[in-house]
Amino acid sequence: MVVLAKPAALEQISLVRSPSVEDNFGAGLPVVDLAADGAAGEVVRACERFGFFKVVSHGVGEGVVGRLEAEAVRFFASPQAAKDAHGPASPFGYGSKRIGRNGDMGWLEYLLLAIDGASLSRSSPAPSSSLRDAANEYVGAMRGMARTVLEMVAEGLGVAPRGALADMVVGDGAASDQILRLNHYPPCPPLLQNLMPNCSPTGFGEHTDPQLISILHSNSTSGLQVALHHDADAGDHQWVTVPPDPASFLVIVGDSLQVMTNGRMRSVRHRVVANKLKSRVSMIYFGGPPLEQRIAPLRQLLVAGVGDGEEEEQSRYEEFTWGEYKKAAYLSRLGDNRLAPFHRQPPPVANPLA
Ligand SMILES: C=C1C[C@]23C[C@@]1(O)CC[C@H]2[C@@]12CC[C@H](O)[C@@](C)(C(=O)O1)[C@H]2[C@@H]3C(=O)O
Ligand SMILES: O=C(O)CCC(=O)C(=O)O
Ligand SMILES: [Fe+2]
């Protein structure tokens, strides 16, 4: 009998359980209608409780999404040599299976594009002018949604001015750090799992996004899962499948927003499980601040509700700039808890017997 050895690279991929029906969110999925009264409060509640939410009534035209998705599909369907001409990703450009530079692997290919202001950066060229045009139009729409959501976060938390967070990412003239990512997860049928190098249920391993917010769109192929905490302090969590909905977007809280809200909002761990039969295509906008931006809790959140003579809330994190955090993030493995080294030790509890 011939026994097929698993390819070495597969050892690096943490195998994940396939989604089952019970793992589905169903009616419990946090959904925010951005056009509804009280949306700011809903945004804050969803970010605090789940670290992500689905956006409906977002005002982004189907054409804007459809044009970029069609360009992404066309690019990923082109000959391997044509795609490789735009890689390897370092970090920008075309990448296949390798995620980052520290040994993470996934069953996907992707195009990572830097954004400069309101459009793609000239220094990370898009594979074609039609993809560039579609991406620029899409980035414009994502910047608009990032502004709306971050303004709602500030409003819902009682932080003034309303643009305190939004301006860091999409402010006029802000040299912010934005990225556009196009992902393609080919199907991974169980039969292929031992035969094809890297074909595994892991499309994109579990991680949190380092920026303030990420805005994710996918086609109708499932695969995204988020970690839900039953008891945050006990650290136990359950992976739950987020049903795909190409008419909506998902907003995901990033590590930087967790710190700026002193841990009230949580950057949610998420991952993608490759589909057995269908290709998944996703497009994600990552909104980060300028490199020199100090990442620390918003002052108004620390002093809110503090009465005369009372002490203000202490930051739970050591201070850092986005540039420092980003540098550390790119040296880390995908699944690492990148905020852990920045957590402040709680002050020692006084021993009443001493
Ligand atoms: C393994 C890695 C890939 C990543 C950089 C990192 O070292 C750790 C964070 C990863 C991540 C996750 C969110 C985004 O997809 C991403 C572009 C980012 O900013 O941080 C990726 C990075 C990447 O793919 O290069
Ligand atoms: O492709 C997806 O659905 C999610 C990918 C993701 O989390 C990422 O690129 O950071
Ligand atoms: Fe992510």
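**Exercise 1. A tyrosine in a strand**

With which side chain does the side chain of Y285 make a polar contact?

*Solution.* The structure is a predicted model, in which local features need pLDDT of at least 70 and side-chain atom pairs count only at pLDDT 80 or more, while totals for chains, interfaces and linings use all residues. Residues are numbered from 1 along each chain as its sequence is written, chains are lettered from A and ligands numbered from 1 in the order in which they are written, and side-chain values use heavy atoms, with hydrogens and water left out.

Step 1. The partner is Q178, whose side chain makes a polar contact with that of Y285 at 2.7 Å; a polar contact is a pair of N or O atoms within 3.5 Å, and within protein one must be able to donate a hydrogen and the other to accept it, with residues adjacent in sequence counting only if both atoms are side-chain atoms.

Step 2. The C-alpha atoms of Y285 and I215 are 5.2 Å apart in space, although the two residues are 70 residues apart in sequence.

**Exercise 2. The strand as a whole**

Work out how strand β13 (residues 280-288) is enclosed and which strands pair with it.

*Solution.* Step 1. Nine of the nine residues of β13 are buried, so the strand is largely enclosed by the rest of the structure. R280, S282, I284, F286 and G288 point one way from β13, whereas V281, M283, Y285 and G287 point the other way.

Step 1. Two strands pair if DSSP finds at least two bridges between them. Strand β6 (residues 177-185) runs antiparallel to β13 and is joined to it by nine bridges, with N183 standing opposite S282.

Step 2. β8 also runs antiparallel to β13, through six bridges, and here G287 is the bridge partner of I213.

**Exercise 3. The iron site**

Which residues coordinate the iron ion (ligand 3), and how are they spaced in sequence?

*Solution.* Step 1. The iron ion (ligand 3) is coordinated by H207 (NE2), D209 (OD) and H270 (NE2), at 2.1 to 2.3 Å. Donors are N, O and S atoms within 2.8 Å of the metal (3.2 Å for Na, K and Ca), and because water is not among the atoms, sites may look incomplete.

Step 1. The spacing of the donor residues is H-x1-D-x60-H. Distant parts of the chain are linked in this way, since D209 sits in the loop between β7 (202-207) and β8 (213-218), and H270 in strand β12 (residues 270-273), 61 residues apart.

Step 2. D209 counts as buried at 4% relative accessibility, and H270 is buried with a relative accessible area of 6%.

**Exercise 4. The largest pocket**

Describe the largest pocket and follow one of the residues closest to its centre, F204.

*Solution.* Step 1. The largest pocket holds about 790 Å³ of space. On a 1 Å grid over the protein atoms alone, a pocket is an open set of points with protein on both sides within 12 Å along at least five of seven lines, a cavity is a set of points where a 1.4 Å probe fits but cannot get out, and lining residues have an atom within 4 Å of a point. Grid points are joined across faces, edges and corners, and a volume is the space filled by probe spheres set on the points.

Step 1. Of the 42 residues that line the largest pocket, the closest to its centre are I99, G100, L112, R181 and F204. β3 gives the most to this lining, with five residues.

Step 2. F204 is found in strand β7 and is buried, with a relative accessible area of 7%. Leaving aside neighbours within four places in sequence, F204 is in contact with residues including I99, R181, N183 and R271.

Methods: Helix = DSSP H or I, 4+ residues; strand = E, 2+ residues; numbered from the N terminus. Buried < 20%, exposed > 50% of the residue type's maximum accessible area, 1.4 Å probe, protein only. Contact = heavy atoms within 4.5 Å.
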